[in-house]
Amino acid sequence: MTLQFKPPLQNVCLLRLSAIGDTCHGLAALRAFQAAWPQTRFTWIIGKLEAKLMAAILPEIEFITFDKGTTLKELWRLRTSSRRFDLLLDMQLSLRASLVSTLVRAPIKLGFDRARARELQWLFTNARIAPAASEHVLDSFMGFARACGIEAEKPFWNLRLPPNALEYARDIVTDERPTLVISPCSSHAARNWSAERYAAVADYASTAHHMRVVLVGGRSSTEHEMGRAICAAVRTAAGATVINQIGKDTLPQLLGLLSQSTVLLSPDSGPVHMATMVALPVIGLYAASNPARAGPYYSRQWCVDKYDVAAQKFLGKAASQIPWTTKIERPGVMNLIAVSEVTSKLDALMAWR
């Protein structure tokens, strides 16, 4: 179906439930729509966790939260809604999201092109974005704006952070020293680097660049254990300057801290894309996943990229010979990244800065 409407539309619904990083990409696309259609009212159907971040920084957007832990109950709740929209932007490739889309009353339901519409999304939409191969996830989301005749020059976020988030950051970043934030854990354990290697980078950052080092993460036992292990492995005076904030903040507070810091070190995870939203450079650790597809959008030059090496070692093929979305989440894959490669990126970034 070819899009046939006269913009701007009155009411547009965006459907992207999760995850944190993908909602950051979705916000970039939303900003393109807002810039082109300033009179349009936007409603976002979003996951319960993700809403804790986005609702804090987007007061002008209406959010409908969806608790994925109670899918049937939530579907019934949405079924009773009588809301109508002019357009649905279906940015999620999952059967759950597609079921949600059936409950959104809109004449046009825009989804991914047939080749990328995994999990049968193509059955639930009646319009498609333009086909594209080997795109970054964020660029694929921007395809929704292009399908509606909006040509955005570059993705942008233009955030106004909550005062309490900035206050939280100022309580940690208390002087002019540069700050290295380490978010050591991904939601996939195979993407995580070792505590000893993170500690070695913390040592180096403190001694070579006189940096304050802050550990951040969620409240899971895995993340708490990682934080304790990093602190225990730190060997130099850095031990006195490593601040362990794992499990102690909210998502908006983490965003505030990132906005006041110098650099983030992290594997493929949500905070990578949160940092991108506030223009914080990211040293990304990529071996299990492809940074060209899912890396920090404006920090590719700072990433340690061992994805091709991992593909050859674990799959017997070059990265160019495997599907674009392939994850190489094998035991030991992150050991391909050496401490010296990370500290070299840190040196280069600090010299550039």
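The model is predicted, so local features are reported only at pLDDT of at least 70 and side-chain atom pairs only at pLDDT 80 or more, while totals for chains, interfaces and linings use all residues. Residues are numbered from 1 along each chain as its sequence is written, and side-chain values use heavy atoms, without hydrogens or water.

I begin with the whole protein. The protein contains 13 helices and 12 strands; these are DSSP runs, helices being H or I of at least four residues and strands E of at least two, numbered from the N terminus. The radius of gyration is 21 Å, which agrees with the value near 20 Å that a compact globule of 353 residues would have. That radius is taken over C-alpha atoms, and the globule rule is 2.2 Å times the number of residues to the power 0.38. Along the principal axes, the C-alpha atoms fill a box of roughly 60 × 50 × 40 Å.

Of the 353 residues, 55% are buried. Buried means under 20% relative accessible area, exposed means over 50%, and partly exposed lies in between (1.4 Å probe, protein chains only). Where contacts join residues at least 6 apart in sequence, 64% of them link residues at least 24 apart; a contact means heavy atoms within 4.5 Å.

I turn now to helix α12, residues 307-315. Which residues of α12 are buried? They are Tyr 307, Ala 310 and Ala 311. These residues lie on the same side of α12, because they cover an arc of only 100° around the axis, the arc being that of the directions from the helix axis to the C-beta atoms. In general, an α-helix has 3.6 residues a turn, so residues three or four places apart point the same way. The cover over the buried residues of α12 includes β11 (282-286), α11 (291-294) and β12 (304-305). Just after α12, Gly 316 adopts a positive phi of about 75°.

Two further helices deserve mention. Leu 166 sits in helix α6, residues 163-172, and is partly exposed, at a relative accessible area of 22%. Beyond its neighbours within four places in sequence, Leu 166 contacts Leu 161, Ser 259 and Gln 260.

Gln 253 belongs to helix α9, residues 251-259. Is Gln 253 buried or exposed? Gln 253 is buried, with a relative accessible area of 17%.
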